[in-house]
Amino acid sequence: MDNRKKINSRFLPVSDRISRLPVWLLAAVILGIIFLWKTTQNSEYSVILNAVAKGIRTTVWVSVTAYFFAALLGLLFGLMKTSSLRVLREIATFYIEIVRGIPMLVILYYIAFVGAPILVQFVNWLMIPVISLGIAEPLSIRDLDFVSRAVLALTIGYSAFIAEIFRAGIESVGRGQKEAAAALGLSRWQAMRKVILPQAVRNVLPPLANDFVAMVKDSAPCFRPWCAGYNTAWKSLFIFNFQVF
């Protein structure tokens with residue numbers, strides 16, 4: 001019966017397939033087509049979109065880059081949180097609980113105006129032997145632009161949340177899977193890499209996608225004092241030529 005249902009569903013009439021499509025998706029597609037058609041026909045809208053497109057590209061680049069590094073850092077702290085060593089668990093817990101309790105806007109401003117100078121001084125301190133030999137020049141605070149500071153701030157802020165997502169995903173894997181891996185003679189790291197993590201990643205994909213959407217939204221405050229993001233592009237365009245939607 002199940003096979004018949006699958007086979008019959010493939011040969012449904014076109015009208016039945018269209019009726020099964022979500023109405024909200026069709027409405028969104030139609031509105032998008034109308035919007036694009038209107039903007040391409042109006043010269044003023046085209047100027048506005050060209051100006052805002054640069055800001056949108058910056059927003060997307062910052063969000064994708066920050067999320068990539070936040071996922072790597074979050075995975076590291078998630079593994080530390082589930083480690084059998086108490087020292088690693090305490091370090092991960094300290095980082096996660098402190099960072100998660102700080103508002104994202106506070107992290108953004110602190111990294112931009114306090115953390116970045118400290119980071120530059122630390123890098124110069126590490127490069128003292130190279131700088132003294134004249135091989136390299138000391139870094140300046142201006143070498144670290146505000147886009148890089150925004151990426152660093154978002155990476156630190158969201159890595160704590162992503163670490164808890166990975167921790168929950170790892171603990172969601174059944175204990176029997178771990179015991180089976182141990183029975184096969186796999187070490188703890190081999191069991192984590194070949195048995196537990198593949199299942200955990202599958203379980204955490206939905207919350208990871210939610211965090212990415214939240215990061216795109218939280219990236220907007222980055223562009224208030226710094227980068228030419230999409231809302232800064234809107235304001236600049238309005239100030240210079242008073243062209244808005």
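This is a predicted model: local features need pLDDT of at least 70, side-chain atom pairs count only at pLDDT 80 or more; totals for chains, interfaces and linings use all residues.
Residues are numbered from 1 along each chain as its sequence is written. Local features need pLDDT of at least 70, side-chain atom pairs count only at pLDDT 80 or more, totals for chains, interfaces and linings use all residues, and side-chain values use heavy atoms, without hydrogens and water.

**Exercise 1.** Locate Asp211 and state which side chain of opposite charge is nearest.

Solution. 
1. Asp211 sits in helix 10, residues 188-218 (helices are DSSP runs of H or I, at least four residues, numbered from the N terminus).
2. Asp211 is buried (buried means under 20% relative accessible area, exposed over 50%, partly exposed in between, with a 1.4 Å probe and protein chains only).
3. The nearest side chain of opposite charge is Arg100, 9.0 Å away, and Asp211 has no salt bridge (a side-chain nitrogen of Lys or Arg within 4 Å of a carboxyl oxygen of Asp or Glu).

**Exercise 2.** Find the helix that gives the largest share of the nonpolar patch.

Solution. 
1. The patch of about 620 Å² consists of Leu105, Tyr109, Tyr110, Phe113, Val114, Ile118 and Phe146.
2. Helix 6, residues 104-126, supplies the largest share, six residues.
3. Leu105 belongs to helix 6 and is partly exposed, with a relative accessible area of 36%.

**Exercise 3.** Decide whether Asp143 is buried or exposed.

Solution. 
1. Asp143 lies in the loop between helix 7 (128-132) and helix 8 (146-172).
2. The relative accessible area of Asp143 is 54%, so Asp143 is exposed.
3. Asp143 and Val120, 23 residues apart in sequence, are 8.9 Å apart in space, C-alpha to C-alpha.

Notes. Helices (H or I, at least four residues) and strands (E, at least two) are DSSP runs, numbered from the N terminus. Lys and Arg count as positive and Asp and Glu as negative; His and the chain ends are not counted. Patches are made of residues with over 30% relative accessible area and no salt bridge: like charges are joined within 9 Å, nonpolar side chains (Val, Leu, Ile, Met, Phe, Trp, Tyr) within 5 Å. Accessible areas come from the Shrake-Rupley method with a 1.4 Å probe; for residues, only the protein chains shown count as cover.
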